[in-house]
Amino acid sequence: MEVDLEPKVLDTSSMTEKGYEEFGCSHYRRRCKIRAPCCDEIFDCRHCHNDAKNSIEIDPFDRHEVPRHDIKRVICSLCDREQDVQQHCINCGVCMGKYFCSKCNFFDNDVSKKQYHCDGCGICRIGGAENFFHCDKCGCCYSMMMKNSHNCVEKAMHHNCAVCFEFLFDTTKEITVLPCGHTIHLECVREMERHSQYSCPVCSKSFCDMTQVWERLDRDVASTGMPQIYQNRRVSEMVNLTV
C-alpha cells in the first residue's frame, strides 16, 4: 500500500474567494451576516434589520434601528460559524468582505464603489476618499469640486429630506446640494421638477436659473391689458376700491 507523503499545499487564495458574489442581500454582496445586539436576531445587514424592524406590521413601540458601531458578532455565510467582527472567518478562512471597516463593522465585496471611512462623519461612504472632503461646519462629506464654492449650512445632512422625510446623513440614496446649501435627495429634486417646483423646500430660494421663467412672466404681464377701472390710477387711489 503506497502512502503519499508529499506535503499538500492548500490554495488559500481559492479558499478566501470561495462563495464570492453568491451571498449577501439586496444592499450588499458579502459572505457574512450580523447578529443585531438590540434584538439578538440574525440579519444579512443592518439595512435588512432596519427594514424588518420598522415595517408597518411592527408595533410602533417595538420599532428600532441597529446602531452600526454596536455590532459585535457576525456569522460566516459559508460555514455558519458565529464569531467576533473580523474580515476573515476564524473557521474556514473565507474573506467575508473585500472591503472591511473595523470602525463601522462593515463588510462589502463590491469594491468598485470605492468605499472609504470618514473619521469626521464617523461612518463609511462611497466614491473614493480622494474625491471628497469633510466640511466640519456642515458635518458631512462633499465633492472636491465644491470645496471652495459651497454655502456652509451647519449640520447640513443631519436632518430628514424635506420631501420624503428620510434621514439624509446615512441614506444610501444619492444626495444633491442646492445652491442655498440645503441638501435633498437627487430623486426628490427630479420629482419636484416634474411637478414644476424649482425652489428649495426649506428656504424657498430657486435652485436653478429662473431667468427665462421671469422673462416669460414679464412678457405675459406686458401683454395683458389693464382693466378699464384701474387705468390711470395710483395704488393710494385704489385702496377704497377693495371690498
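Reader: Taking buried as under 20% relative accessible area, exposed as over 50% and partly exposed as in between (1.4 Å probe, protein chains only), what is Phe-100?

Author: Phe-100 is partly exposed, because its relative accessible area is 23%. This is a predicted model, in which local features need pLDDT of at least 70 and side-chain atom pairs pLDDT 80 or more, while totals for chains, interfaces and linings use all residues. Residues are numbered from 1 along each chain as its sequence is written, and side-chain values use heavy atoms, without hydrogens or water.

Reader: And Phe-107, buried or exposed?

Author: Phe-107 counts as buried because its relative accessibility is 0%.

Reader: How many aromatic pairs are there in the structure?

Author: The structure has five aromatic pairs (Phe, Tyr or six-membered Trp rings with centres within 6.5 Å; planes under 30 degrees apart are stacked, over 60 edge-to-face, the rest tilted). One of them joins Tyr-28 and Phe-106 edge-to-face, at 4.9 Å between centres and 75° between planes. That pair connects distant parts of the chain, 78 residues apart: Tyr-28 is in the loop between α1 (12-17) and β1 (32-35), and Phe-106 is in strand β6 (residues 106-108). Helices (H or I, at least four residues) and strands (E, at least two) are DSSP runs, numbered from the N terminus. Tyr-28 and Phe-106 are both buried. Phe-100 and Phe-107 form a tilted pair, with centres 4.8 Å apart and planes at 40°.

Reader: Which residues make up the cluster with Tyr-28?

Author: Tyr-28, Tyr-99 and Phe-106 form one aromatic cluster.

Reader: Which residues touch the most others in the largest nonpolar core?

Author: Met-96, Phe-106, Tyr-142, Leu-178 and Ile-184 do, in a core of 45 residues (buried Ala, Val, Leu, Ile, Met, Phe, Trp, Tyr and Cys joined through side-chain atoms within 4.5 Å).

Reader: Changing topic, how do β9 and β10 pair?

Author: Strand β10 (residues 140-143) pairs with β9 in the antiparallel sense over four bridges; pairing requires at least two DSSP bridges. Phe-132 has Ser-143 of β10 as its bridge partner. Four residues lie between the strands of this hairpin, in which Gly-139 has a positive phi near 75°.

Reader: Which residues of β9 are on the covered face?

Author: Phe-133 and Cys-135 are on the covered face of β9 (residues 132-135), whereas Phe-132 and His-134 are on the uncovered one.

Reader: How much strand is there in residues 96-160?

Author: That span is 31% strand and 0% helix, and its end C-alpha atoms lie 32 Å apart.
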